[in-house]
Amino acid sequence: MDTPFSLEGRVVIITGASRGIGAGTARAVSQSGGSVVLVARSADDLQAVADSLPGPNRVVVGAVEDPAVQAEAVAVAAELGDLWGLVNNAGISPAYAPTAETTDDDWDQILTVNLRAAAGFARAALPAMVAAGKGGRIVNLSSIAAFAGLPNLVAYNATKAALDAMTRTMAVEYGPSGINVNSIAPGTITTEMVQQMMDTNPALAEKFVSKTTIGRVGTVGETAWPIVFLLSDAAGFMTGQVMLVDGGRLAAA
Ligand SMILES: NC(=O)c1ccc[n+]([C@@H]2O[C@H](COP(=O)([O-])OP(=O)(O)OC[C@H]3O[C@@H](n4cnc5c(N)ncnc54)[C@H](OP(=O)(O)O)[C@@H]3O)[C@@H](O)[C@H]2O)c1
């Protein structure tokens with residue numbers, strides 16, 4: 001059935017697609033009829049995700065902050081058709097410490113992957129989208145961390161707020177070309193790593209759950225399908241926005 005939620009014939013690059021939300025998004029985009037370019041460093045995991053998809057796909061193995069990888073992803077996307085979408089999903093939060101204990105290395109690492117790489121992918125993808133002349137979509141993975149001062153995650157929080165500023169800027173610049181740019185801001189989502197943390201630390205699990213309004217944390221699918229919406233024609237009049245998908249966590253603040 002043809003609906004405005006369909007991604008039939010649309011080519012989408014997804015960074016950080018070897019696991020977690022990125023892998024779930026690749027699955028949801030593929031199930032919606034889209035063709036997918038998956039990017040991450042873990043070659044075997046990435047290939048396993050690609051092999052599980054129902055539709056056309058390619059993998060690009062490498063670090064998202066590498067301009068050569070950004071260019072390769074756009075070149076490989078062209079093998080599948082005109083580039084329609086980019087999901088800047090790859091993100092890290094390696095440092096867990098109060099602000100005074102963070103190091104320049106922590107900041108450099110987090111800024112490089114969460115922010116500079118997302119800008120680099122957008123810089124690589126936008127000319128191809130504009131040249132195709134059909135419009136397009138960029139979705140940036142923000143977080144409730146952009147709004148809430150989550151302790152011990154100062155650099156991570158700052159990159160997510162900065163991503164949202166980038167979203168608004170690109171939305172204004174590329175709206176006239178029919179390219180909509182939005183952020184999606186998940187709350188706690190049970191990727192493998194988060195689920196493992198919750199399984200081994202019941203107090204932490206209870207903390208995550210108690211902060212939501214609906215009394216549970218979210219699933220990967222509950223982030224991936226809203227991303228499909230943002231990539232689709234159904235979101236045609238939506239740009240420059242940050243869409244919270246947090247089980248009502250910030251509403252309850
Ligand atoms: N899970 C949550 O609760 C949650 C909540 C709010 C926001 N988010 C955001 O959602 C996004 C995905 O999170 P997630 O929980 O799914 O993370 P995850 O399970 O840790 O997966 C991260 C993905 O990014 C890739 N990646 C990391 N650094 C990379 C690099 N330098 N180059 C290429 N790929 C890289 C990883 O692949 P390789 O290691 O194979 O490279 C992996 O595929 C992130 O931006 C995160 O901040 C997550």
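Tutor: Two residues are in contact if their C-beta atoms, placed from the backbone, lie within 7 Å. Keep that in mind. The model here is predicted.

Student: Which residues have the most contacts inside the largest nonpolar core?

Tutor: They are V12, I14, L38, V39 and A125. That core has 71 residues. Helix α4, residues 104-132, gives the most to this core, with eleven residues.

Student: What share of the contacts joins residues 24 or more positions apart?

Tutor: Take the contacts with a separation of 6 or more. Residues 24 or more positions apart account for 72% of them.

Student: How do I read the overall fold?

Tutor: Start with the secondary structure: eight helices and seven strands. Then look at the extent. Along the principal axes, the C-alpha atoms fill a box of roughly 50 × 40 × 40 Å. Buried residues make up 45% of the 253 residues.

Student: Why does the radius of gyration agree with a compact globule?

Tutor: A compact globule of 253 residues would have a value near 18 Å, and the protein has 17 Å, so the two agree.

Student: Which residues come nearest to the ligand?

Tutor: G16, G20, R41, S42 and G91 do, out of 27 residues around the ligand. Two elements give two or more residues to this shell: α1 (20-31) and α6 (192-200). The largest share, three residues, comes from α1.

Student: How many residues of that shell are nonpolar, polar or charged?

Tutor: The shell divides into 13 nonpolar, ten polar and four charged residues.

Student: What about the phi of N152?

Tutor: Most residues other than glycine have a negative phi. N152 is not a glycine, yet its phi is positive, about 70 degrees.

Student: Where does N152 lie?

Tutor: Look in the loop between β5 (136-141) and α5 (154-174). N152 has 14 other C-beta atoms within 10 Å, so it is partly exposed.

Terms used. Residues are numbered from 1 along each chain as its sequence is written. This is a predicted model: local features need pLDDT of at least 70, side-chain atom pairs count only at pLDDT 80 or more; totals for chains, interfaces and linings use all residues. A residue is near a molecule or strand if its C-beta atom, placed from the backbone, lies within 6 Å of it. Helices (H or I, at least four residues) and strands (E, at least two) are DSSP runs, numbered from the N terminus. Ala, Val, Leu, Ile, Met, Phe, Trp, Tyr, Cys and Pro count as nonpolar, Asp, Glu, Lys and Arg as charged, and the others, Gly among them, as polar. The radius of gyration is taken over C-alpha atoms; the globule rule is 2.2 Å times the number of residues to the power 0.38. A residue is buried if 20 or more other C-beta atoms lie within 10 Å of its own, exposed if 12 or fewer, and partly exposed in between; C-beta atoms are placed from the backbone. A nonpolar core is a set of buried Ala, Val, Leu, Ile, Met, Phe, Trp, Tyr and Cys residues joined through C-beta atoms within 7 Å.
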